[in-house]
Amino acid sequence: MVKKIEVGDVLIGKVTGIQPYGAFVALDEQTQGLVHISEITYGFVKDVNDFLSVGEDIEVKVLEVDQEQKKISLSIRELQEVPYYRKKESHPRRSLQDRVDEVDADGFKILKDKLKDWIEQSGQ
């Protein structure tokens, strides 16, 4: 890699190859990255060729740089406006466990307490 490419950089590159899983993009003479199929646009992408062509210049955002493996992950989608149906809600995203804990704070405790009774009732 000739110049220092960092996460968050927005660059212009040339599509050099298309595979079913994404497109390879030359960022300079010696540096190439990959735009994974999931990073091409919002929504479903069945065929990368429907969105990109070899030789096309595109604007990409650097998502990840792995110096050891000499791999760069790129995104076109990150530079697009987020569709209204994908915009994040006003409250932060919570894990499934946080939501379970909130809705059923002592549900598992109750089951644990009742387990002994159920075992006794079953005659075991």
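This is a predicted model: local features need pLDDT of at least 70, side-chain atom pairs count only at pLDDT 80 or more; totals for chains, interfaces and linings use all residues.
Biologist: How many bridges join strand S3 to strand S5?

Modeller: 2 bridges, between S3 (residues 32-36) and S5 (residues 71-75), which run parallel. Strands here are DSSP runs (E, at least two residues), numbered from the N terminus. Two strands pair if DSSP finds at least two bridges between them, and S3 and S5 have 2. Residues are numbered from 1 along each chain as its sequence is written, and side-chain values use heavy atoms, with hydrogens and water left out.

Biologist: What makes Lys14 and Asp57 a salt bridge?

Modeller: The rule wants a side-chain nitrogen of Lys or Arg within 4 Å of a carboxyl oxygen of Asp or Glu. Lys14 and Asp57 meet at 3.3 Å, N to O, so the pair counts. Lys14 sits in S1 (residues 10-19) and Asp57 in S4 (residues 57-66), 43 residues apart.

Biologist: Why is Lys14 called partly exposed?

Modeller: Buried means under 20% relative accessible area, exposed over 50%, partly exposed in between (1.4 Å probe, protein chains only). Lys14 has 38%, so partly exposed it is.

Biologist: And how do you know that Glu39 is buried?

Modeller: Its relative accessible area is 13%, so Glu39 falls under the cut-off for buried. Glu39 meets Arg77 in a salt bridge at 3.2 Å, N to O. Arg77 comes to 18%, therefore Arg77 is buried too.

How values were computed
Helices (H or I, at least four residues) and strands (E, at least two) are DSSP runs, numbered from the N terminus.
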